[in-house]
Amino acid sequence: MPDLFSQLWSDYTVRTVALGSGILGIVSGALGGFAMLRKQSLLGDAISHAALPGIAIAFLLTLSKSPLVLVLGAALSGWLGTLLIISVTRTTRIKEDSALGLVLSVFFGFGLVLLTFIQRQPYASKAGLDKFLFGQAAALLQSDIWIMSILGIIILLIVALFWKEFKLLSFNPEYAASLGLPVRFLDILLTSLLVIAIVIGLQTVGVVLMSAMVVAPAAAARQWTDRLGKMILLSSLFGAIAGISGAFLSSTLERLPTGPTIVICMSLLVLISLLFATNRGLIWRWLKERKNRQKLQVDAVLSDLYILAQQHENIEHSHPIEVLRTMSIGHGGVDRTLKELQKERMVDQKEDGTWRLTRQGFEKAKNMSEKGENL
Amino acid sequence: MSDKLKNQNPQNAVEVEDLTVAYQEKPVLWDVDLHVPQGVLQAIIGPNGAGKTTLIKSILGLVKPSAGRILIYGQPYEEQRDLVAYVPQRGSVDWDFPTSVLDVVMMGRYGSLGWFKRPGKKEHQLALEALEKVGMSEFSRRQISQLSGGQQQRVFLARALTQDAQVYFMDEPFQGVDATTEKAIITLLKDLRAAGKTVLVVHHDLQTVSEYFDWVLLLNVRRISCGPVQEVFTDQNLKLAYGGKVSFLTHHTHTEQDQITNI
């Protein structure tokens, strides 16, 4: 395995692809975290789709496929889409989800028309533009990595600088405004960072799937922690892991497209997080609930036996299990609970099969009922 | 009445004149005047949709009024921001946000911290003191999603306390809170008044108005009446504010509480 790794790493193309995918994972993970907390996860989808016509127009205007030109076109067009969504929501009665859907489909449709148009033209350099749909990491060059790294570092620096402002903006924008923070400016800044984060991933993952790299790392990270800082770090880490492993996988297995492979790796991380995360994970919660239920059942049977014991002069008086079944809520699991209590020497079973509290069990039940009354 | 007050005391904590707010041509607040002297606990009451929250928000510049003038201690709000603290409705945020109680309370300092500076020891200390005042000290490290409604409210109050303001605007702090929290808020309000602060509270429970507050504004898009509780909180004014739908009693005292219809 390490051999395979070093072999892959020494391969120029593979290394470039992995680096690029890792960077895009880190940046989109961090910004995606904020987008999710601001309930803007879908905005990422709209932005990435809205970037497509920008790429096509940038190409038509310059006839160049230089990534800087295309990325600039993508960013402008993605930004325009975002502005449209915001102003449509603000000035008309159309709600945000509809505005998102509208902008996404109109821009994406227009982009597809332009792409088809370009394919029919006799430009020599036209090949490869359609790769922006699903991404082609293999086409990444060293120079692209430089651009991605520089943009990525700038984005992360700005996030670090405006950390507390972005936190408050995400949690409680109205309060932020009442403190005198320029909420409008911060909003535009954070959204613009999201646009750039998305745009630098387009070449690798493609416009169709890029939103997964915004939403998924954040969703997975949120499962593991209750602190914003840790969440954003984890989100970036997940993004990077998915990006690098996806890039390696797609270069080892032939004809596996990079973008979808990265997204599948990311989905696996989400699935694992949804199931196994501490506190929030489904399995964790299920186990906790089961434990709670068992404890409640044990307490209930104990107190039932206590009530029965109080009704008789003799504490030693024993009762058949049917009595306890009738008393318990749902009438289930009494057998098992009694066995458990027996193991703890809280109850014992007489030879005729009836049950009673032991001295120890009686004390505990008494204690419990007194505590209950005091509450 | 308002003119007289203004002459007596030029240092009204809050002065609002001719405030008009409209959402898409529908007036929400219409020509509202409000003069709040320093050091009073003022309730803002009125039926749903009366514009209570909008009034607070437009004083704080969160909603843009179509017309009107707002002064805090005689100066425009923008220049007096440091004197004002805001407690929004607790339902206005997502309490599943990944952060701790202490962190939320420290947010009250973000305005005075300035750009790029992170909260440090001093902010930490101020936040802990504020939590102490609302009886939430032992919750400082708790994740905010694990708080009850009343505890959430107290966290918001603590956050406003760290601002060390002169005028406090609270939007329905008593909404859906437990008895412990209600008591804690009342104690807090009285402490604030004793310290010479002015507090404006959007309030819903008519039964407790005369018990908790000394001034009251009755609002229903227009200003119905404003002044000391004994003068203003009358059956007639309530009828004007709430319409003829409810029958109120003139004396809102404890002895007759059973008969009072709560809205």
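This is a predicted model: local features need pLDDT of at least 70, side-chain atom pairs count only at pLDDT 80 or more; totals for chains, interfaces and linings use all residues.
Trainee: How many Å separate the centres of domain 1 and domain 2 of chain A?

Mentor: Chain A is divided into domain 1, covering 2–280, and domain 2, covering 284–369. Taken over C-alpha atoms, the centres of these domains of chain A are separated by 58 Å.

Trainee: Which strands of chain B are the edge strands of the open sheet?

Mentor: In chain B, 4 strands form an open sheet with antiparallel pairing, in the order β2-β1-β4-β5. An edge strand pairs on one side only, and this applies to β2 (26–36) and β5 (75–76) of chain B.

Trainee: Which residue of β5(B) is the bridge partner of Leu71(B)?

Mentor: Strand β4 of chain B, residues 67–72, runs antiparallel to β5(B) and is joined to it by 2 bridges. In β5(B), the partner of Leu71(B) is Pro76(B).

Trainee: Why is strand β8 of chain B described as largely enclosed by the rest of the structure?

Mentor: Thr198(B), Leu200(B) and Val202(B) point one way from β8(B), while Val199(B) and Val201(B) point the other way, and all are buried. Strand β8 of chain B, residues 198–202, is largely enclosed because the buried residues number 5 of the 5.

Trainee: Which three residues supply 23% of the area that chain B buries against chain A?

Mentor: Chain B and chain A bury about 2900 Å² between them, with 59% of it on carbon and sulfur atoms. Of the area that chain B buries against chain A, the 23% share, more than any other three residues supply, comes from Phe97(B), Pro98(B) and Trp115(B).

Trainee: With which residue does the side chain of Asp94(B) meet in a salt bridge?

Mentor: Across the interface of chain B and chain A, 5 salt bridges are found. At 2.7 Å, N to O, the side chain of Asp94(B) meets that of Lys39(A).

How values were computed. Residues are numbered from 1 along each chain as its sequence is written. Chains are lettered from A and ligands numbered from 1 in the order in which they are written. Side-chain values use heavy atoms; hydrogens and water are left out. Domain bounds come from an automatic or database domain assignment. Two strands pair if DSSP finds at least two bridges between them. Buried means under 20% relative accessible area, exposed over 50%, partly exposed in between (1.4 Å probe, protein chains only). Buried area is the accessible area (1.4 Å probe) that two parts lose on being put together, summed over both. A salt bridge is a side-chain nitrogen of Lys or Arg within 4 Å of a carboxyl oxygen of Asp or Glu.
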